[in-house]
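Colleague: I would like to learn how to read a model like this one. Could we take it feature by feature?

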Amino acid sequence: MTAAKKTHRITLIPGDGIGPEVSGAVVKILEAAGAATGVAFEWHPYDAGANAFEKTGEYIPKALYDSIEKNRVALKGPVTTPVGGGFASINVTLRKKFELFANFRPVKNLPGLKTKYPGLDLVIVRENMEDLYAGLEHEVVPGVVQALKIITEKGSTRIAKFAFDYARKHGRKKIHAIHKANIMKLSDGLFLRCCQTVGKDFPEVAYHEHIVDNTCMQLVMNPYQYDILLTENLYGDILSDLCSAFVGGLGLVPGANLGTECAIFEAVHGSAPDIAGKDMANPTALLQSAVLMLHHIDEPATAERVQAGLEQVYREGKTLTKDVGGTSGTKAFADAVVAAMEAPLAAA
Ligand code: ATP
């Protein structure tokens, strides 16, 4: 007999593009895993971005802000950000509003998937609120535009502390702070000084510094040399997409936006308009984000059940999406994960 259910209230932002497809798949899998492990979810769904604006006249409706504030946990699909104009990024706005200062992105191979770098297991810890993402741009005179890169001692120290704490807690051995302090001597220089200062309290974690352009080359030559990449906001964004390619692409890599009060879990990828509405998107990245969320809300058994089902599907390799060499659609993949979780040997 399953024990009485514990209910978690979770704000759900399906997003747009492939968002509704991948979040639909993830909700289905979580419902099945929860039913088997005595955990129930009360989903509170909200639109954001262009969809929300059409319905409510606001890009981020007040009700969505209130919901995250109350539930303190959100699962978020991608929301399209207009390029070169239009409204401000919903992702960035939410991160700032809830002070989600740490962006945590584990890059790890799934079993059965052939990649160039088998057994890779590294983590990107990206500062999530400062840098060029402060969105401070203005036209100085016609034809000259300035964008301000904001780096603070508080923000840099906070993200460095997060990375070192994580390393200590999880037995990670090495942190590389990524920078361009040879050119941006003041801003990236400050970031490095904060990382060095924090690192002094963690003698068991080896601390290194690599320049960002060299890091790109080093990553492609030998990503195994890295354990945790500690980055400012923009470098972290770019390196995340690069690193996702090592383990099979953007369809796979999850992310968590963490603050002291709230957390929003979302994949590294964007809304992928090129494959939206075609039942082609890989929901693995959002599903693995949901696994991070399940650990965050202290439901490890449910998290492990989902992860075991997911890994079983990859191990079998029969029901994979096109981006990782399969021929199945989003829905069939989700059904396969549910079936794998329910198979008696799934967790073996
Ligand atoms: P953003 O800047 O908003 O993060 P992006 O410019 O990185 O977005 P994406 O929308 O992530 O772009 O898409 C980049 C490429 O990766 C596209 O070809 C897209 O189809 C593919 N892609 C992204 N996510 C997935 C997914 N979940 N499944 C399959 N392919 C994906």
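Modeller: Start with polar contacts. A polar contact is a pair of N or O atoms within 3.5 Å; within protein, one must be able to donate a hydrogen and the other to accept it, and residues adjacent in sequence count only if both atoms are side-chain atoms. Here, an N or O atom in the side chain of Asp 274 is 2.9 Å from an oxygen atom of the ligand.

Colleague: What should I know about the model itself?

Modeller: It is a predicted model: local features need pLDDT of at least 70, side-chain atom pairs count only at pLDDT 80 or more, and totals for chains, interfaces and linings use all residues. Residues are numbered from 1 along each chain as its sequence is written, and side-chain values use heavy atoms, with hydrogens and water left out.

Colleague: How many residues surround the ligand?

Modeller: A residue is near a molecule if one of its heavy atoms lies within 4 Å of it. Here 13 residues surround the ligand. The closest are His 269, Gly 270, Ala 272, Asp 274 and Asn 282. Look at the backbone too. A backbone N or O atom of Gly 270 lies 2.6 Å from a ligand oxygen atom. For Ser 271, a backbone N or O atom lies 3.3 Å from an oxygen atom of the ligand.

Colleague: Now helices. How do I describe a packed pair?

Modeller: Two packed helices are described by the angle between their axes and the distance between the axes. Helices (H or I, at least four residues) and strands (E, at least two) are DSSP runs, numbered from the N terminus. Axes are lines fitted to C-alpha atoms, for helices over the stretch in contact, and angles run from 0 to 180 degrees between N-to-C directions. Take α5 (residues 153-170) and α6 (residues 187-199): their angle is about 45°, and their axes are 8 Å apart.

Colleague: Which residues of α5 and α6 meet?

Modeller: Contact means heavy atoms within 4.5 Å. Among those of α5 are Ile 159, Ala 160 and Phe 164, and among those of α6 are Leu 190, Phe 191 and Val 198.

Colleague: Is there a roughly parallel or an oblique arrangement for α7 and α8?

Modeller: The axes of α7 (residues 212-221) and α8 (residues 233-246) come within 11 Å and cross at roughly 10°. That makes α7 roughly parallel to α8. The contact includes Leu 219 of α7 and Leu 239 of α8.

Colleague: Where is Lys 149?

Modeller: Lys 149 sits in the loop between β7 (144-147) and α5. Its side chain makes a polar contact of 2.7 Å with the side chain of Asp 188. The side chain of Glu 232 makes another polar contact with that of Lys 149, at 2.8 Å. Leaving aside neighbours within four places in sequence, the contacts of Lys 149 also include Asp 131, Met 184 and Tyr 235.

Methods:
Angles under 35 degrees count as roughly parallel, over 145 as roughly antiparallel, 65 to 115 as roughly perpendicular and the rest as oblique.
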